[in-house]
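Me: Hi! Could you walk me through a structure I have open? I'll ask as I go.
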Amino acid sequence: MRARLHVRHLGVAQLTTLAVVGVGLGLIAGFMFMSVVDTVLQRRAGYPVQDRQLPGSEFSLTEASDADKFGVTATNAGLAIASNGAYPHSGSSIHTLCTSNGSPYLNYQTRIMYGTYKMVQAAPGGTQHVAFTRILHRTEPDALMTEVPTFRAEPLTPACDNWCDFPVSDRPNAVRQFFDAAARQPSLIQAPWLLMIETDYVWMKPLQAPPAEDASAASVAFPFGYIDPRYPVIEGVMRKMYPVEKGPLGDVPGSGPAPVLMRVDEWIKVTPEWERLTAHIEADPKSKEQLGWVREMYAFSVAVALQGIKLDLAQPPLNRLITQPPADANLGQAAMLHYTWGTVFQNSSGAKIWEFDKRVYTDQSMVITPPAVPLPPPYDPQYKLQDGKPVTQELYDTLTAMFKQMNDAINSLSPLTPAKTAAAA
């Protein structure tokens, strides 16, 4: 009560002075807090940590080395790489990328995926596929280094070499490291189009891209139904990343970083924002909880919207990148099949008679010598999926074609011998 009475007797000028001082102290505290957070992120990312000067000083990020040290805005990062102009900017060729932490689970998938990639690369129309790079975020090389073209990035989370709860939080930073390296060595990028994919894709036919210099040709992604930026429950955490003044949340694509086909300069613009937003989510318990296991996908989607990049998000069967059996019955216009969903065939009495699930292929022995995928039994119109939906002849044929393609890739692989494994280490 005394405090309130004392304030009443203060003059307007005194109150104004107190308010200004309070705001000033608040700004200083805010700068100090953000500096601590930024320093932590720099240490976690492995950037050299140096004293920063406050805004208004003579310090400026004008050299590529400064950008490497401090982490820069999307615009600066784009300029740092685009300024050399040495990577391809025109044409229809495609450089494919994937990321991995080198776990047995992902390495099993990677060997098969890369095997199918080489199959379509050698097929008619495959000449557009000019390069492949696996971006490995791991503290040491792994056994696939001798088989799959690989760029190794230093991980933000070294524990993910063995086990961690969310290894894909390292992905944006690893991709950023790839682009930083490309700024110094432009030959790391071999095409004007960069296609980011996942390890659990099966190439069925070559992907055709339009001329990159054709401004009317939109970049392409896949519309995942579980990525919905407009979902009311997550509006609060979404607005932390995409404020109201940026526009409606409907501007944020319901996508993710894979599969995405974008021009090199678009990737360069998006990646720093993707990295920044992923770090923000990982540091915000509410965002982590509400966005769940797809939170890094949301970070990428928001980054795309912030950069004003429009994506072609055609639904299957019109999507040119992937379809996802058994949710989708056929390949449609896509180049790849995505076996993210497990598939169970049940007979008329509900008994399970056949199953495929990628989650059982986690042992290191399966990486060294991948086992063949068991094909489904002969078609029966009474078959049903685990959700009770009928297995149509079309879906059966699509699944069978995918598993045969996987087995053809497996048959083309040589076992990873102890000598190769030791050489990688």
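Me: How many disulfides does the structure hold?
Reply: It holds one disulfide, that is, a pair of cysteine sulfur atoms within 2.5 Å. This is a predicted model, where local features need pLDDT of at least 70 and side-chain atom pairs count only at pLDDT 80 or more, while totals for chains, interfaces and linings use all residues. Residues are numbered from 1 along each chain as its sequence is written, and side-chain values use heavy atoms, with hydrogens and water left out.

Me: Which cysteines does the disulfide join?
Reply: Cys160 and Cys164, with an S to S distance of 1.9 Å. The torsion about their S-S bond is about 100 degrees, so the disulfide is right-handed.

Me: Is Cys160 buried or exposed?
Reply: Cys160 is buried, and Cys164 is too (buried means under 20% relative accessible area, exposed over 50%, partly exposed in between, with a 1.4 Å probe and protein chains only).

Me: Switching to rings: how many aromatic pairs are there?
Reply: The structure holds 22, counting rings of Phe, Tyr and Trp (its six-membered ring) with centres within 6.5 Å; planes under 30 degrees apart are stacked, over 60 edge-to-face and the rest tilted. The rings of Tyr117 and Trp203 have centres 5.7 Å apart and planes at 70 degrees, so that pair is edge-to-face.

Me: Where do Tyr117 and Trp203 lie?
Reply: Tyr117 lies in helix 5 (residues 104-121) and Trp203 in strand 5 (residues 201-203), so the pair ties together parts 86 residues apart in sequence. Helices (H or I, at least four residues) and strands (E, at least two) are DSSP runs, numbered from the N terminus.

Me: And how many residues of helix 5 are buried?
Reply: 13 of its 18 residues are buried, so helix 5 is largely enclosed by the rest of the structure.
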